[in-house]
Amino acid sequence: MVPLSYYLFLSGLIFSIGVLGFLIRRNLLVMFMCIELMLNGVNLFLVTFAKKFSSLDGQIFVFLIMTVAAAEAAVGLAIIIAFFRNKKSANVDDLNLMKW
Amino acid sequence: MIDYCWLVPFLPLLGFLLNGLLGKNIGKKLAGWVGCGSVFLSFLVALKIFSELLSYPASERFFQKTLFTWVVSGNFNINIGFQIDPLSTVMMLVVSGVGFVIHLYSVGYMGKDPGYFRYFSFLNLFVFSMLTLVMADNFLLLYLGWEGVGLCSYLLIGFWYEKRSAADAGKKAFITTRIGDLGFALGIILLFWTFGNLNYTQVFSQAPSVLSHGGALITAITLLLFLGAVGKSAQIPLYVWLPDAMEGPSPVSALIHAATMVTAGVYVVARCHVLYELAPLSMGIVAVIGAATAIYAASIALVQNDIKRILAYSTISQLGYMFLACGVGAFACGIFHLFTHAFFKALLFLGAGAVMHALSGELDLRKMGDLKRYLPVTFWCFLAGVLAISGIPFFSGFFSKDEILWKAFSSPHGGFLLWLIGFITAGMTAFYMFRLFCSIFLGKSRVEEKVKPHIHEAPKSMTIPMIVLAILSVIGGWIGIPHVLGGKEHFGKFLSVVFEKGPETHGIIHSAKAESLLMILSVLVVLIGIAVAYLFYISRPQLPKNLAEKYKGPYKVLLNKYYVDEFYNKAIVGPFINLALWFWKFIDVAIIDGFANGSAYILGWISGVARKVQTGYVRNYALSLLLGAVVILAYFVLR
């Protein structure tokens, strides 16, 4: 039996990697994958505790998040493609028109 | 018909709305019909009310008709209501009757003016305001009419607003009367403060018990109300607007001088006679101002050369007589003079208009003379007016003026000095009116050559009103023939219900002998005035010039109207303009605008700094999101 803290540690690690990657990387696709990482980190967290407390709530949440993530992936990728067509670039720093 | 007394002011209002809103579309002819017809109908209603009033016994001639409630606030209640009593009926008849005649004259006089509709709608509004003023049964409604009259005088004096001098004259009239109106408003507020009510009946019935006789409060109230009357009725020191009001069309002058506007002040003093009788000091001031104005304005009129200006000063002088009468407690005499004056002054202005009409707008009497041959109708009508205003026996002005002089002499409030001033003024009046008359119609023609071929008598629509007024000027006084001359004084008796005196009737001199003696004296002085005028302007035309040369100083002072306008400009208008400039440049531009612009500038600066946060880089937003989440989390963890 793997101890609970391992799961939690792993989920925190995945989440942190996602956050850091989102903050540091410039490539839109990579940033997008980092968002997925964060979501999945949270998913793991939820599943862990669902198992620990034998409650289905966490599991249901995970399904919800996965659905949202799928939808988000579809919309997000579409936006990225549209952006790339316009700018011939996938660099997020080129996406800075919305400022003062 | 008394139940329908609201029709009297309502009909001219309807005329105003019709002409004002639709005037351009209904054509000149119909607009003239609407303008005259509404006032004529209102005159008929007033006449009917008058005849019904006569059918009641004298003590029951008092009605109040409430249309609807206007203002309700706690115990304070103001109605739109009209009061029908002898005083308001007389005023109604004068305003609508003389007003109608003037409307009729205007049809011919203003026929070619492009602002025909505007003119008639203003004229109707004027009549409406004045009728509201005289018929109101409370002070607030009176004030409504009061302000309406002021507004209309502004609109009509400045009727030819494209002319600079007319626009200025309109403003002058409005602002000058405004000074008086301020006093009037304060007086009404004081009345409200004292009585908690503004209805005539309540105020007048409570006044003797609430206010002490001759106390400071009643003196203040009456003097403030009188200040308003001084402004509207053009007395010293606020008379300066009336001579300039000549810039308006002649019928407007006739309306302002005869039927509406200037008579408002006399009416208010007469209406509030209960209050004035409680304040002997105010009565004295009214009498002194009246007498002073009478002789002062008459002296200016002696040397003026503009025919309408002479008439304007004569109006001021005659109004002085009316106030003199009110001041000595002879309110009925004041109203009687107002009544006769309305006829002959309207007539004289319409006559002056006809002369102007004939001479292509000439107003200088040095460029007239011998017009009798060309304008026979105007000549005879004008003669009737001149005889009436001079006070020739059995013309209307004679009865009213002599009664005022007698009352000024005999009343306990009057005295020899007041009588003497009125007496001298009577002589001066005769002189300047005959100077005017002789210079226009008699003597040698001094008309400019280029005008001469165009001289023509006025059209029928102008002469008929003049004839009507001329007849009234002759016979109008016969309803008030004093007892001394075997008359019955119907007019005074009719009004006596309104003016029935309190306890103090003692001290009045009753002497038929003295009265007839004074009457003879005043007729003599009038005849002397006429004789001098005839000598100066017909038989020896060189004389006035020589006199003017000899007494250059006084002549110049009179010709320049005592330099009062110049003085006012220097002493009051100038400083006020400077004050207004200071308010504009400093208070408005620097301080108020400074605040508004300053706060906008500061906000702009703050947001200029704050907007730097919006970098446009997704990372920065994400970082702040993360930091925010951390802070919230830290708060919950470390709490």
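In which hand does helix 13 of chain B cross helix 16 of chain B? The crossing is left-handed. The model is predicted.

**Chain A**
- Chain A has 3 helices and 0 strands, and its order along the sequence is α-α-α.
- Its radius of gyration is 17 Å, whereas a compact globule of 100 residues would have one near 13 Å.
- Along the principal axes, the C-alpha atoms of chain A occupy a box of roughly 50 × 25 × 25 Å.

**Contact between chain A and chain B**
- Chain A contributes 11 residues to the contact, and chain B contributes 11 residues.
- On the side of chain A that touches chain B, 8 residues are nonpolar, 1 is polar and 2 are charged.

**Helix 1 of chain A with helix 24 of chain B**
- From helix 1 of chain A, the contact residues are Val19(A), Phe22(A) and Leu23(A).
- From helix 24 of chain B, they are Arg619(B), Ala622(B), Leu623(B) and Leu626(B).
- By class, this contact of helix 1 of chain A with helix 24 of chain B has 6 nonpolar residues, no polar ones and 1 charged.

**Domains of chain B**
- Chain B is divided into domain 1, residues 316-555, and domain 2, residues 565-638.
- The centres of domain 1 and domain 2 of chain B, taken over C-alpha atoms, are 68 Å apart.

**Helix 13 with helix 16 of chain B**
- Helix 13 of chain B covers residues 307-327, and helix 16 of chain B covers residues 396-410.
- Their axes are 9 Å apart and form an angle of about 40°.
- Because of that angle, helix 13 of chain B counts as oblique to helix 16 of chain B.
- Helix 13 of chain B supplies Tyr321(B), Leu324(B) and Ala325(B) to the contact.
- Helix 16 of chain B supplies Lys401(B), Ile404(B), Lys407(B) and Ala408(B).
- The residues in the contact of helix 13 of chain B with helix 16 of chain B comprise 5 nonpolar, no polar and 2 charged.

Technical notes: Residues numbered from 1 in each chain as written. Chains lettered and ligands numbered in written order. Predicted model: local features only at pLDDT ≥ 70, side-chain atom pairs only at ≥ 80, totals over all residues. Domains from an automatic or database assignment. Contact = placed C-beta atoms within 7 Å. Nonpolar A, V, L, I, M, F, W, Y, C, P; charged D, E, K, R; others polar. Axes fitted to C-alpha atoms, helices over the stretch in contact; angles between N-to-C directions. Helix = DSSP H or I, 4+ residues; strand = E, 2+ residues; numbered from the N terminus. Parallel < 35°, antiparallel > 145°, perpendicular 65-115°, else oblique. Left-handed = near helix turned anticlockwise from the far one by under 90°. Rg over C-alpha atoms; globule rule 2.2 N^0.38 Å.
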